[in-house]
Amino acid sequence: MNQAEVRPAVCEIPLRSGKPCGVTAKVRCMTCERALCESHQATTTRLVDEVGPDGRLLPFPRTVHLQMCEACFATSPAELARIESEKRAAQIRQEQEEAKRQSLLQIHGPRIEAEEYFVSGAARQALIAAGIPKGVVYKTETIQKKGLFGSRWVETIVSTQHGWRIGNLLWTYDAGGDVSLQSTFLTIMLDQDISNALSNYTTTERATHLRVFVRVEPYADGYKDIGGGHLADWIAAAKAVKQLCGTGI
Ligand SMILES: [Zn+2]
Ligand SMILES: [Zn+2]
């Protein structure tokens, strides 16, 4: 019997050493017609409909093997178009992100600059250098005192701080039940060195967590810290300090 010699095709893709791969071939490249093993087939990612966790058919990105070698696939018109469109999409994304960053900077830049003026200690230095007089800020608590004719509530001073009266500024404060309101309060900037406090945090985080300002009302020979709230208008605060120091408009 004369048997035809059947030799399975082997992968013809050259390895780094220059020798052909030689692994049993699975397909033939449709462009250059070289025999290819599975590891030398070009692959791409396609969206394939599969049953998702909720039982619905959903498109999932899956790697698919192509009937083409990597060299031919890399120069195929479809692949070149895909690479080009991906490049363009990345460029558009980058441009959009930059535009967003710029617009955020335009909105938040002046505020961050104002926050920086306070948390860096520059505002305090300016007030000290200009010799602006400070006021006394009391923190009080109301305690029950027993007297001859029964008990009564008495407000007592529990701590004393000093600071500069900046003026009436806008504050955000919690009105209870997750409702926050805004209105103006007489505002004192406390005299304290915070320039090195929370130094690992961003300017805005430092401005939020360091107690730079307090809401007050007139009390005794000074003011009473009414507590709570967050200064809302840092830009107005910076302007007011600069005005006080004679360095603003
Ligand atoms: Zn090929
Ligand atoms: Zn191979």
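Trainee: What should I know about the numbering and the model first?
Mentor: Residues are numbered from 1 along each chain as its sequence is written, and chains are lettered from A and ligands numbered from 1 in the order in which they are written. In this predicted model, local features need pLDDT of at least 70, side-chain atom pairs count only at pLDDT 80 or more, and totals for chains, interfaces and linings use all residues.

Trainee: At what angle do the axes of α2 and α5 cross, and is that parallel or oblique?
Mentor: Helices here are DSSP runs of H or I with at least four residues, strands are runs of E with at least two, and both are numbered from the N terminus. Axes are lines fitted to C-alpha atoms, for helices over the stretch in contact, and angles run from 0 to 180 degrees between N-to-C directions. The axes of α2 (residues 77-119) and α5 (residues 234-244) come within 8 Å and cross at roughly 50°. Under 35 degrees counts as roughly parallel, over 145 as roughly antiparallel, 65 to 115 as roughly perpendicular and the rest as oblique, which makes α2 to α5 oblique.

Trainee: What is the handedness of the crossing of α3 and α5?
Mentor: A crossing is left-handed if the near helix is turned anticlockwise from the far one by less than a right angle, and right-handed if clockwise. α2 passes α5 in a left-handed crossing. For α3 and α5, too, the crossing is left-handed.

Trainee: Which residues of α5 meet α3?
Mentor: On the α3 side, the residues in this contact are Ala 123, Ala 126 and Leu 127.

Trainee: Within what arc do the buried residues of α3 fall?
Mentor: A residue is buried if 20 or more other C-beta atoms lie within 10 Å of its own, exposed if 12 or fewer, and partly exposed in between, with C-beta atoms placed from the backbone. In α3 (residues 122-129) the buried ones are Ala 123, Arg 124 and Leu 127. The arc is that of the directions from the helix axis to the C-beta atoms. Seen down the axis, the buried residues of α3 line one face of the helix, because they fall within an arc of 100°.

Trainee: What about the arc of the buried residues in α5?
Mentor: Trp 234, Ala 237, Ala 238, Ala 240 and Val 241 are buried there. Seen down the axis of α5, they line one face, as they fall within an arc of 160°.

Trainee: Which elements do the buried residues of α5 pack against?
Mentor: The partners include strands as well as helices. They are α2, α3, β6, α4 (203-209), β8 and β10 (230-231).

Trainee: Is Tyr 138 exposed or partly exposed?
Mentor: Tyr 138 sits in strand β5 (residues 135-147), and its contacts beyond four places in sequence include Ile 157, Tyr 219 and Ala 220. Tyr 138 has 19 C-beta neighbours inside 10 Å, so its class is partly exposed.

Trainee: Where is Ala 220, and what is its phi?
Mentor: Ala 220 lies in the loop between β8 (213-219) and β9 (222-225). With 10 C-beta neighbours inside 10 Å, Ala 220 counts as exposed. Although Ala 220 is not a glycine, its phi is positive, about 45°.

Conventions
Contact = placed C-beta atoms within 7 Å.
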